[in-house]
Structure formats: C-alpha cells, structure tokens
Amino acid sequence: MWRKKVLDKQESGYYDRFMSRITFNCTEEEIRNAPFADHVIEVTDKEASKAKALLWLCDHLGWKREETAVFGDGGNDVEMLRIFPHSYAPAGASPEARTAASEILPSDREYAVVEKIRELLI
C-alpha cells in the first residue's frame, strides 16, 4: 500500500494539474482518490482500504464485526463505516462519512469520540 497526500489549497483545476505531473508505475484503474478532506488529494492503491485492513485484522484475531467499533470522518473511512455495524462519525465529518456511519456523534470539540470509547468500554 502506498499513499501520496498533497494540499489542494482550493485552487481550481489543481487536482488535474497535479495528477498530470505525476508518473505512476500502475494504471489508472489500480488507484483511487479517497481523500479524508476536500482540500487533500490522497492517491491510494485501489485494493488498499481501512475496511479491508480491519476485516483482515478481525479475521486474524477471531473477532466478529459486531464486536468491533470503528470511527471515521472522511472519504477514506466511508467503506469501513458502512461494513461495521458499530460505526461512528463526529458531527463535523464529511457528508459521506456521516451517511455511512451507524451513529453520528457530537462535534470533536466536545471530545465525542473519547466519550463514546469510554461508554463502549465501561
């Protein structure tokens, strides 16, 4: 798995100009852009994802999806949030992440993720 992150700076056409200057040793079908924020370009191997990594880890440790809680706030979290039944996104998460999560938490400024983890563990 490899990843390249570059600040977009909200310039019109920046993504296309940036991508035209990069040479990849793979085809366009093998990569995807799944940014965690609108101002970032995150080029990742198409087969790599947090969801696949966690599914492998759960299988390796003998955990069920129902025994696992996941938290995410951006585009690179959406698949993971969709496939785990206990998935949480803070109120400030991207619209896609909020839609994919099973529960929307209050803002991160209110320590919502930390509080939810405490609630789940106690």
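User: What are the ground rules for the numbering and for the model?
Analyst: It's a predicted model, so local features need pLDDT of at least 70 and side-chain atom pairs count only at pLDDT 80 or more, while totals for chains, interfaces and linings use all residues. Residues are numbered from 1 along each chain as its sequence is written, and side-chain values use heavy atoms, with hydrogens and water left out.

User: How many helices and strands does the protein chain have, and what makes a run count as one?
Analyst: There are five helices and six strands. Helices are DSSP runs of H or I with at least four residues, strands are runs of E with at least two, and both are numbered from the N terminus. Along the sequence the pattern reads β-α-β-β-α-β-α-β-α-β-α.

User: How do you know that the length of α2 fits a helix?
Analyst: The expected span is 1.5 Å times one less than the number of residues. For the twelve residues of α2 that gives 16 Å, and the end C-alpha atoms are 16 Å apart, so the two agree. Just after α2, G62 takes a positive phi of about 75°.

User: Why is D77 called buried, but K50 partly exposed?
Analyst: Buried means under 20% relative accessible area, exposed means over 50%, and partly exposed is in between (1.4 Å probe, protein chains only). D77 has 3%, so it's buried; K50 has 32%, so it's partly exposed. Over the protein chain, buried residues make up 32% of the 122 residues.

User: What makes K50 and D77 a salt bridge?
Analyst: The rule asks for a side-chain nitrogen of Lys or Arg within 4 Å of a carboxyl oxygen of Asp or Glu. The K50 and D77 side chains meet at 2.6 Å, N to O, in a salt bridge. K50 lies in helix α2 and D77 in the loop between β4 (69–71) and α3, so the pair ties together parts that are 27 residues apart in sequence. A search of the whole structure finds four salt bridges.

User: What puts E115 and R118 about one helical turn apart?
Analyst: They're three residues apart in helix α5 (residues 112–121), which means a separation of about one helical turn. E115, at 41% relative accessibility, counts as partly exposed, and so does R118, at 45%.

User: What does K116 touch, and what counts as a contact?
Analyst: Contact means heavy atoms within 4.5 Å. Not counting residues up to four places away in sequence, K116 touches F71, Y88, E103 and L105. The C-alpha atoms of K116 and A69, 47 residues apart along the chain, are separated by 9.9 Å.

User: Why is the set around L81 called a nonpolar core?
Analyst: A nonpolar core is a set of buried Ala, Val, Leu, Ile, Met, Phe, Trp, Tyr and Cys residues joined through side-chain atoms within 4.5 Å. The largest one here has twelve residues in all, including L81, V70, F84 and A97. Elements giving two or more residues to this core are α2 (50–61), α3 (78–83) and α4 (95–100), and the largest share, three residues, comes from α3. Not counting residues up to four places away in sequence, L81 touches V70, F71, G72, S87, Y88, A97, A100 and A101.

User: What makes W56, L57, L61 and W63 a surface patch?
Analyst: Patch members need over 30% relative accessible area and no salt bridge; nonpolar side chains (Val, Leu, Ile, Met, Phe, Trp, Tyr) are joined within 5 Å, and like charges within 9 Å. L57 sits in helix α2 and, at 32% relative accessibility, counts as partly exposed. Together the four form a nonpolar patch with about 430 Å² of accessible area, worked out by the Shrake-Rupley method with a 1.4 Å probe, where for residues only the protein chains shown count as cover.
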